[in-house]
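Trainee: Please take me through this structure and tell me what each term rests on.

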6 protein chains.
Amino acid sequence: MRPSGRKTDQMRKVSFERNFSKHAEGSCLVKFGDTHVLCTASLEEKTPPWLRNSGKGWVTAEYGMLPRATGERMRREAAAGKQGGRTQEIQRLIGRSLRAVVDLTALGEKQITIDCDVIQADGGTRTASITGAWIALYDCLKWMEARGMIKVDKVLKDHVAAISCGIFASQAVIDLDYLEDSAAETDANFVITGTGGIVEIQGTAEGKPFTEEEFASLMALAKSGIAELVDLQKQAIA
Amino acid sequence: MRPSGRKTDQMRKVSFERNFSKHAEGSCLVKFGDTHVLCTASLEEKTPPWLRNSGKGWVTAEYGMLPRATGERMRREAAAGKQGGRTQEIQRLIGRSLRAVVDLTALGEKQITIDCDVIQADGGTRTASITGAWIALYDCLKWMEARGMIKVDKVLKDHVAAISCGIFASQAVIDLDYLEDSAAETDANFVITGTGGIVEIQGTAEGKPFTEEEFASLMALAKSGIAELVDLQKQAIA
Amino acid sequence: MRPSGRKTDQMRKVSFERNFSKHAEGSCLVKFGDTHVLCTASLEEKTPPWLRNSGKGWVTAEYGMLPRATGERMRREAAAGKQGGRTQEIQRLIGRSLRAVVDLTALGEKQITIDCDVIQADGGTRTASITGAWIALYDCLKWMEARGMIKVDKVLKDHVAAISCGIFASQAVIDLDYLEDSAAETDANFVITGTGGIVEIQGTAEGKPFTEEEFASLMALAKSGIAELVDLQKQAIA
Amino acid sequence: MRPSGRKTDQMRKVSFERNFSKHAEGSCLVKFGDTHVLCTASLEEKTPPWLRNSGKGWVTAEYGMLPRATGERMRREAAAGKQGGRTQEIQRLIGRSLRAVVDLTALGEKQITIDCDVIQADGGTRTASITGAWIALYDCLKWMEARGMIKVDKVLKDHVAAISCGIFASQAVIDLDYLEDSAAETDANFVITGTGGIVEIQGTAEGKPFTEEEFASLMALAKSGIAELVDLQKQAIA
Amino acid sequence: MRPSGRKTDQMRKVSFERNFSKHAEGSCLVKFGDTHVLCTASLEEKTPPWLRNSGKGWVTAEYGMLPRATGERMRREAAAGKQGGRTQEIQRLIGRSLRAVVDLTALGEKQITIDCDVIQADGGTRTASITGAWIALYDCLKWMEARGMIKVDKVLKDHVAAISCGIFASQAVIDLDYLEDSAAETDANFVITGTGGIVEIQGTAEGKPFTEEEFASLMALAKSGIAELVDLQKQAIA
Amino acid sequence: MRPSGRKTDQMRKVSFERNFSKHAEGSCLVKFGDTHVLCTASLEEKTPPWLRNSGKGWVTAEYGMLPRATGERMRREAAAGKQGGRTQEIQRLIGRSLRAVVDLTALGEKQITIDCDVIQADGGTRTASITGAWIALYDCLKWMEARGMIKVDKVLKDHVAAISCGIFASQAVIDLDYLEDSAAETDANFVITGTGGIVEIQGTAEGKPFTEEEFASLMALAKSGIAELVDLQKQAIA
């Protein structure tokens, strides 16, 4: 039995609150149960130095957690003077995941920065971030389209969403909350597009190594869960 | 006329959403119009080194802004590797304001850290932070009282709230929003207790210096506005 | 009785030693009793990025304390790797105070940096810094005038000086030294121009909150003291 | 055809030079073709704070690249003042991979730090690091066994090695060198134990998303390659 | 001819102003012509970690330059976030030089930190620092002796002073000022004790390499100059 | 007797392994006994800002130690977030030493960065670095000559090499290893050109001050040792 009483293939309640932020070109408060992440998309005219005069744009992401998003207060990274390794790993993952569905040439020499800030954490902050970031990115592109800057259909090639799966109490389960995440034997994150293409797989044995069969069962859960998330994204932007 | 159409002595709509955060001992989402700040209070057993074995506790604050809380995206302080001067000024102000109404000896050797994170900014983030932080602190103390650790009445001596006033278009106005703040000739922040004691005054001429009379008119507005804020705090905790 | 035996409205002996530094365009060693601050003004052709091609110049300030300026040695900020919150607060205050009396357009696209370095501290380092910085700035502008770069009268609109006042042993006193500062119930800093315009007010309750009447008595002391400081500035540049 | 002329399932020449370092308790210069990594294992009595008095030890890793290990000189991280996100990702991966085969309780309250420093890079530095780190760790444990501190068989539960696989020119290939890595459509790293347990999987679509079938072909290559690497480890310590 | 008109073996006017600082246990404003350095000695009960329970004390030094001590304003190291290589080199040199004449066991488990802050620079700041630091150290030890903590004669074994010599316009000259220093072909710093023991020699060819004979002539100048400096130290403490 | 059994004027076995690195324009693994340093020379088109449009190039150096190059593991400077004072001192010395034999105008507006990374340390890492760096620099210049960019004979004016000498057990000895270095009473480093010109002398009394005669004996040893090192450099590039 899962601590939350969910079935093994049952995700938490997922919701998207678009236009959460008054200022950002696109924004979305995404909730995977008690995990709440504010995703904002900011359009800037500048691009990174290595893309100057290439005709290409860039999509990048930054990730942060409010100090008391978690059960115990964590030190504020701004006060510590640097972003930790986990933060950097996650923000690199979010950026790669989004770029996988963006045509950077069609975007043109602009940069969109997605900020994913965890307001409250209960496991799965990176997967919620990616899934919500797609909505913020979509709304930012819509904002640009409304101003004649781009065509959304040319720039955004597909949906992308993410989910975690893991072996908890010897069973493959989807969308681990914090209690499950802390106790899971294996933890894997999947980033998959709307048409089922795999963008990123990260599987880690937390305790003992896992087998190919176990991994296959996680991937099966993920594919089905992400299809559901993509449906929810579609409803959210309808 | 004020850009928002408000009267000179009219504050924006103020609201407090208690228990916004699942994890914190106390928390409050405070809104002064479009300025939204999440305040969380975290209880820790440790105290700063200079208080060890003194029998006294400590209340401190940290302040941050999400990168896209503002009209243009600001660089994330964690990425920049340090907190800016403005951030440090504000978090020191919040901490001093709260300590002015706390009996640190009655608190005992514990530390409460108030995190004020600006989700959306439209002027007055520091005054909203102080006003909301008091609610988060109150709820944290209630949490402690429920566990027999303290008596709220012994620790928390009074309410405290804050408001900005300024000279805008040659008129003294209360609770400046961003448009007013950017154009104000004089800007002042007042921190005042429930019984009308002044905790902090910060007045700054942005353009030409101001007169003692102008300052007196700002203080009159502030006293009345803070009395109103304290009433709202009382309703919120009722 | 004040520890120093001074009357409540009696400032410490104030002196200005102009041209203390061989290299700087303007410089002044200012003493408020045992508080000694070296102020230097450095002219640079560059301006901050946000003023490029605006035709406007900039006046900014940096503040530092020698590690053993104080009763106990403090850690050197260069060794600590960052400037503390107090340092940043003070240097921002000095810069704002000076800019309040400078016509940045008349200055033209140049930057003057005022460095205020505390050689010895005995309370009131920020107010001594502002008061001495005005002399250094004046001499720097004179240096520029001698080279046909500007007219001092066009650039420098007024004097500016600063003083601290506080409630010590239940009495309003002016120009607190370290002993008074550590024990004061309320501490306020005032920055006022030669013509009596208020540039900055910062009042803080250190112990219990203060009343409007107490604050009025502090401001009365400050106005009279600053008039005296401005007279001393006038004598110094005569 | 692969740029190096290798077959799709052919790894580069792999070698281990044990005891490369005079000082370290264990050390190994590992070469995967032109990728050369020096791995040293350092035993320290202290453990991380969160393990104090737990009876458990810790194995951790740090990773670095000499500035001219690469085709173009990279900025030295010590001069830049921080470790980049990629560095942190890799060193966290190495640490996790080794801990997966170590019994931390049998190790006792000690810490072993594995430093993996890339002397020359030609793709696959993280997989070479993990594979060589295991040798350094083994030799460090042997050193401890020789002093009666532990039993190697109790502490080290299995071999662990790593290999990269990718889709290059539409074909699944193993052990990508730099030329392949830069042009690969999909890049995956696998960390697998001597008994075939999977410790870590990281698959990333560099260009277009990949399919489950493609991923299966990468995993098949990886399993066979790692079996070979484990054999080489066994020969090296024989 | 030297720019200053001095003879080749003529040092600048040297003066020591003892007790320059009200707070420090020992202090001295040393002037070598227009080079002015404030040296303070601070006594602390703590010692560095590696000396704990060794019965030995420590003498260390820190060095800094006010931003406008020089002809052009230099960036403040506290603002830059780190001490530069030159600063670290100099402060390490000052510390070593002083420790060469101190019996650390006789000092006992205490630390004396000498801060050398350059108020105005005109070449030779490190040699002036060492020479003045000895006075500050002496006065700090006298302060300790007056409190029965140590015997100065047991702790301080000798005088130590420093001077720069160089080849300027093909001639060996002593005590280079900034103009000479910038144009010197060879620059050497000597640290020598009161009894003529050599503590430190640092010679650097700025342009073409120098010969052993040239170096001998620099050393001869240095020995004579330092004898003179030691005499001045003796007069200063008489 | 020396711990290694060497005669007082006997250096350790010295070797140079050219082209150690596949990528660098010049590279050399230099060994002074158990001290092993990898020196790479990297050519870059950019020059430091102060040389732009001067027609001159620049040669600079960076120095690092692998964490376990030493008997006890040292903290990685990249993890600590800054280069220590010793590192900065050494890299500045290496850069100055090389520039003493380079005609920067003949080099043209290019920068060569020499990275000296200590793979294993047993005393004398800075002298080995300088001696090996010359080889790496030579090979880099040869690489440039082969591409018609410069003439080696115009750019490289002489050899340069370095050796340490010290007073160990009351005797002057050359090329101190770690055991000697830790116990030496006096330690001196000499940098001398192929034609016997002195580039740098650094002598430090570790215990009691040294005499001019002792220093002369160290210099005599150094001159003879460096002549030998230059011969070895000549053989290496023959």
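Predicted model: local features only at pLDDT ≥ 70, side-chain atom pairs only at ≥ 80, totals over all residues.

Trainee: How do you know that chain B is in contact with chain A?

Mentor: Contact means heavy atoms within 4.5 Å. By that rule 37 residues of chain B are in contact with 37 residues of chain A.

Trainee: What area do chain B and chain A bury between them?

Mentor: Buried area is the accessible area (1.4 Å probe) that two parts lose on being put together, summed over both. For chain B and chain A that comes to about 2,800 Å², with 47% of it on carbon and sulfur atoms. His23(B), Arg68(B) and Arg73(B) supply 25% of the area that chain B buries against chain A, more than any other three residues.

Trainee: Why is the pairing of Arg76(A) with Glu62(B) called a salt bridge?

Mentor: The term needs a side-chain nitrogen of Lys or Arg within 4 Å of a carboxyl oxygen of Asp or Glu. In the pair Arg76(A) and Glu62(B), the closest N and O atoms are 2.8 Å apart, so the pair meets the 4 Å limit. Across the interface of chain B and chain A the rule finds 16 salt bridges.

Trainee: Which elements of chain B give two or more residues to the side that touches chain A?

Mentor: They are strand E3 (35-44), strand E4 (58-65), helix H1 (77-80) and strand E5 (111-120) of chain B. Helices (H or I, at least four residues) and strands (E, at least two) are DSSP runs, numbered from the N terminus. E5(B) gives the largest share, six residues.

Trainee: What makes Arg73(E) and Glu62(C) a salt bridge?

Mentor: Their side chains meet at 3.1 Å, N to O, and the limit is 4 Å, so the name applies. Chain E and chain C have 16 salt bridges across their interface, and about 2,800 Å² is buried between them. The contact takes 37 residues from chain E and 37 residues from chain C.

Trainee: How do you know that no contact joins chain C and chain D?

Mentor: The closest C-alpha atoms of chain C and chain D lie 11 Å apart, and no contact is found. For chain B and chain F there is likewise no contact, with closest C-alpha atoms 11 Å apart.

Trainee: Why do E1 and E4 of chain D count as edges of their sheet?

Mentor: Two strands pair if DSSP finds at least two bridges between them. The open sheet of five strands in chain D has the order E1-E2-E3-E5-E4, with mixed pairing. Strand E1 (14-18) and strand E4 (58-65) of chain D each have a single partner strand, so one side of each lacks a neighbour in the sheet.

Trainee: What makes E2 and E3 of chain D a pair?

Mentor: Strand E2 (residues 26-32) and strand E3 (residues 35-44) of chain D pair in the antiparallel sense over seven bridges, and the rule asks for at least two, so they qualify. Leu29(D) has Leu38(D) in E3(D) as its bridge partner.

Note on methods:
Residues numbered from 1 in each chain as written. Chains lettered and ligands numbered in written order. Heavy atoms only, no water.
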